[in-house]
Each structure stands twice: as structure tokens, then as C-alpha cells.
Amino acid sequence: MTEHSEHREESLTAATEARGLEALVSRATRAGKGPAPVERWNPDFCGDLDMEIKADGTWFYLGTPIGRMPLVQLFSSVLRKDADGKTYLVTPVERVGIRVADAPFIAVEMNVSGHGDDQVITFRTNVGDVVEVGPDRPLRFVDESETGGLKPYALVRGRLEALVARPVMYELVGHGEEIEIDGKTMFAVRSKGAVFPIMAADQLKRLSA
């Protein structure tokens, strides 16, 4: 057996046994160095890991919360969502699937600078990412009345998004304004010259009545 195939066998075993967390840590070597270049890596799929990111952003492994933030930040740096809609932890030698209840990140803090077309909205996520909203990092708004209404999402990197926490969402909406888009008056927010519609202005008025 070649050295490469031996390593692949060990990786697959590690990803499916109780020592999997420690094994993944040993191979995710970019702790503290920011996101890894996971989009450039194309390792084999090694199976699913019993890891889940809950809707509130809490990471669980084998049904137990991962309480160490440096560990969560390390895993978040090798996270990737593929075109198949599934989310993976990716290293140069392996790709393992995990479950995500909603978005993998939560936007927990917001800063707004400038005005009008010069306005810039910046979010900080629960794992320490700093995201400037703009044409390359858009905002999208989902109206889910069955789950509590408006849910804003900010693109962080790749296909990974951050759900804007509800207190931050109220702050975000406070910077909204009526803007005409394609002949329709929308309630929207601006950032880095881009406009992100929240809802039709007349819909907002009905909700506020």
C-alpha cells in the first residue's frame, strides 16, 4: 500500500470514530491564520461527521456543544459550502460533511459609516469574521412569517452566509430608506454603492399600521 493510500485510510477512519475531532484539529493547521484556501482544494469525500451548527450558531460534536471558541474558529476557517448545497470541513487531504440548521455564522455586531452612496455596513460574526457588505458581499432578506418574519443574510465568503442576529437586524432596518428600484418604491439599505431591497415600501406601511 502506498503512503498516500495509508494516509487516506487513516483519515477516513479518523473522521468516523470518537477521535475524529482531535484528528481533524491536527490536520486543520491554519488556526489563527484566517480562512484557508478551501475553494482551491479538491480532496476526496471521506463521509459525514457527527457535527452540526445549530440555528443559534452553536457548534455540536457527537451531540455535545463545542465550548472552546478557538476550536470553533479553527473549524470555521476550513468550512465550505458546495454547489450541491451541502456544507463540508475541507483540508488538503479530506472533505467531511457536517449539518447546518440554518446559516453557519451569525452576524452579532454591526457598524455603519458614511452616508448615501458612501455608506458602508460592516458586520462581525460570532467566529470573528469582519464582513463589509457590498456588490461582492451582498445582503439578502427572507420573509418567513412562520418562523418569525424577516431574516437577513450576509455573504461571508464562497457560499457561506451569516444570519443577522435579531437585535442587529433591528439596527440594520433602522438604516433603511425608501429607494426606487426598477420603477417600484422599495424599503432598502445601501452599502458600498449597492442597494439591497428589504421589502416593498407599501408592504412595510401595512405592517407598521
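An open sheet is formed by 3 strands in the order β13-β14-β15, with antiparallel pairing; strands here are DSSP runs of E of at least two residues and helices are runs of H or I of at least four, both numbered from the N terminus, and two strands count as paired if DSSP finds at least two bridges between them. Because β13 (177–181) and β15 (194–200) stand at the edges with a single partner strand each, one side of each is left without a neighbour in the sheet. Neighbouring strands of this sheet are turned against each other by 55° on average, direction ignored, where axes are lines fitted to C-alpha atoms, for helices over the stretch in contact, and angles run from 0 to 180 degrees between N-to-C directions. Strand β14 (residues 184–191) is joined to β15 by 6 bridges, the two running antiparallel, and V189 stands opposite F196 in β15.

The model is predicted: local features require pLDDT of at least 70 and side-chain atom pairs count only at pLDDT 80 or more, whereas totals for chains, interfaces and linings use all residues. Residues are numbered from 1 along each chain as its sequence is written, and side-chain values use heavy atoms, with hydrogens and water left out.

In helix α4 (residues 166–173), V168, M169 and L172 are buried, a term that denotes under 20% relative accessible area, with exposed meaning over 50% and partly exposed in between (1.4 Å probe, protein chains only). Seen down the axis of α4, the buried residues fall within an arc of 105° and therefore line one face of the helix; the arc is that of the directions from the helix axis to the C-beta atoms. P167 and Y170, on the other side of α4, are exposed. The buried residues of α4 pack against β7, β8, β10 (139–144), β11 (149–157), β12 (160–164) and β14, contact being defined by heavy atoms within 4.5 Å.

A search of the whole structure finds 2 aromatic pairs. Rings of Phe, Tyr and Trp (its six-membered ring) pair if their centres lie within 6.5 Å, and planes under 30 degrees apart count as stacked, over 60 as edge-to-face and the rest as tilted. F45 and Y88 form an edge-to-face pair, at 5.9 Å centre to centre with 85° between the planes. Since F45 lies in strand β1 (residues 45–53) and Y88 in strand β5 (residues 87–91), this pair ties together parts that are 43 residues apart in sequence. F45 is partly exposed at 42% relative accessibility, while Y88 is buried at 4%. W59 and F75 form a stacked pair, at 6.4 Å centre to centre with 20° between the planes. W59 belongs to strand β2 (residues 59–61) and F75 to helix α3 (residues 69–76), 16 residues apart. W59 is buried, with a relative accessible area of 1%, and F75 is likewise buried, at 1%.

Charged side chains also lie over aromatic rings, as judged by NZ of Lys or CZ of Arg within 6 Å of the ring centre and within 35 degrees of the ring normal. K54 lies over the face of F60, at 5.2 Å from the ring centre, and R140 over the face of Y153, at 4.5 Å from the ring centre.

Two loop residues were also examined. H115, in the loop between β7 (105–113) and β8 (120–125), is exposed, with a relative accessible area of 68%. The C-alpha atoms of H115 and S191 are separated by 9.1 Å, although the residues are 76 apart along the chain. R40, in the loop between α2 (20–27) and β1, is exposed at 69% relative accessible area; R40 and P92, 52 residues apart in sequence, are 9.0 Å apart in space, C-alpha to C-alpha.
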